[in-house]
Amino acid sequence: MQTNVKTLEDNRIEITVTVDAKEINDRIGKQYRTFARQYSFPGFRKGKAPRPVIDSLLGPEAARAAVTDDLVNDTFPLALDQTGYSTVGQPEFGEIDLVEAGKDYSYVMTIGVVPTFELDSYENVEIKMPAEGATEAEIDEQLEVTTAFYVTYENARANTKVKKDSVVDLTVTAKDMQGEEVAALAMTEQRYRMGAGQLPEAFDAEVLGMKKGETKEFNLVIPVDKPGSLAADLGGKEITFNVECVAVKKEVKPEVTDEWVKETFNFDTVEDLRKRLGDSIAEQKAQVLPRLREDQCLAALAERLQGEPTEAMVEETESRLLSEFFSQLQRQGMTFDGYLAQQGIDADKFKEDVKAQAKQMTSENLALDAWARHYEITASDEEVMDEFRESGVEDPQATYDEWRKNGRLYLIREGIMRQKAADAVMENAIVSALED
């Protein structure tokens with residue numbers, strides 16, 4: 001099999017694939033033998049019918065059509081792999097003629113390819129990273145978060161007004177327009193945090209400024225977009241609320257002393273607790289910082305890219321991200337609607353985020369390709385084979401052969417080169433401390 005590649009506009013190539021006459025003859029002969037075994041032909045034993053008999057019953061072009069179909073399907077992935085290009089999407093075929101015995105056979109296909117861009121600089125990237133270990137400021141912040149779990153609330157003075165961030169005790173009755181009580185919204189001297197999203201913002205606005213012992217009645221149409229967690233199923237409905245402000249609360253933080261620390265956490269001193277918090281922060285950073293370093297380096301490299309990824313490339317990356325995302329959701333037993341509710345976003349925002357992520361990832365890959373070309377980073381056949389050996393598959397060679405047959409080995413080579421380029425970028429990055 002021979003391939004001839006012609007470069008077209010808009011990051012596409014045209015590939016002419018030619019298969020020699022001997023291969024065509026062998027395939028035609030094999031196809032006739034297959035037909036002879038598959039079908040019963042009157043007067044002939046299974047597998048013994050001659051070609052003229054087969055042609056007379058199945059049609060004179062049946063064998064040629066079957067060979068042509070199999071030939072194109074078998075050879076186009078190999079042809080794509082032989083070009084050395086990283087392709088995008090599926091090939092489009094020109095007019096497919098039928099093979100003829102004793103003649104070479106050619107067909108033409110076009111396909112998108114990954115564009116070749118340069119970077120505006122191949123100098124080492126510069127990034128800012130948080131310091132390793134734990135700073136005193138980080139320990140202070142974590143201590144604040146930890147002690148927040150032990151905050152208590154006392155009644156504020158009777159004339160204290162409800163503010164945007166107040167914690168209050170409310171008694172609430174709610175009825176729909178038919179006068180039926182809405183149990184999901186009822187409260188009896190229940191703790192309520194303003195601005196926490198339990199009820200719509202319009203409800204909080206009505207409660208704002210109330211004082212202990214005051215009551216208020218008002219109507220409110222529950223918004224569809226942000227109904228609040230307690231009114232999640234009531235979007236669009238009008239509700240009559242009757243609210244009593246039982247008490248406005250004030251926050252009482254614990255005094256962090258050696259005695260309190262020992263009683264609460266079983267540490268001897270405050271310093272012992274701070275050390276444990278510092279160790280925990282350091283452990284978390286050790287897990288997170290390598291990934292953050294890679295993200296920072298790739299983002300900095302992508303900013304140097306002199307070009308934009310094609311829409312087809314972004315769509316291909318987006319499709320892969322969505323497939324991985326929904327597979328993960330399924331493994332976790334979570335619904336898509338449940339995920340959106342957990343993240344506090346709608347489907348449009350989700351699509352927008354995935355699209356942006358796909359474009360960023362594609363730009364980073366193109367930047368790594370440019371870096372690899374510039375520094376002549378390659379992937380050897382042995383390195384490609386090692387990927388299959390290390391993958392844990394039962395038969396690495398058979399898997400390698402299958403990927404080669406399907407024209408997918410370029411994906412492995414591409415992945416190896418990009419990882420080697422990324423490792424080089426990260427290893428040589430100029431890192432400065434991120435200021436607090």
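C245 is buried, because its relative accessible area is 0% and buried means under 20%, with exposed over 50% and partly exposed in between (1.4 Å probe, protein chains only). C297 is likewise buried, at 0%. Counting a disulfide as a pair of cysteine sulfur atoms within 2.5 Å, the total is 0 disulfides.

A word on the model itself: it is predicted, so local features need pLDDT of at least 70 and side-chain atom pairs count only at pLDDT 80 or more, while totals for chains, interfaces and linings use all residues. Residues are numbered from 1 along each chain as its sequence is written, and side-chain values use heavy atoms, leaving out hydrogens and water.

Let's go inside. A nonpolar core is a set of buried Ala, Val, Leu, Ile, Met, Phe, Trp, Tyr and Cys residues joined through side-chain atoms within 4.5 Å. The largest one here has 27 residues, and C297 is among those with the most contacts inside it, together with L119, V125, L301 and W371. At least two residues each come from β5 (126-129), α7 (270-302), α10 (347-374) and α13 (409-427); helices (H or I, at least four residues) and strands (E, at least two) are DSSP runs, numbered from the N terminus. The largest share, 6 residues, belongs to α10. A second, separate core of 26 residues includes I24, L71, V72 and V99. In general, nonpolar side chains tend to be buried together in soluble globular proteins.

Finally, look towards the loop between α1 (21-38) and α2 (51-58), where you will find Y39. Y39 is partly exposed, because its relative accessible area is 37%.
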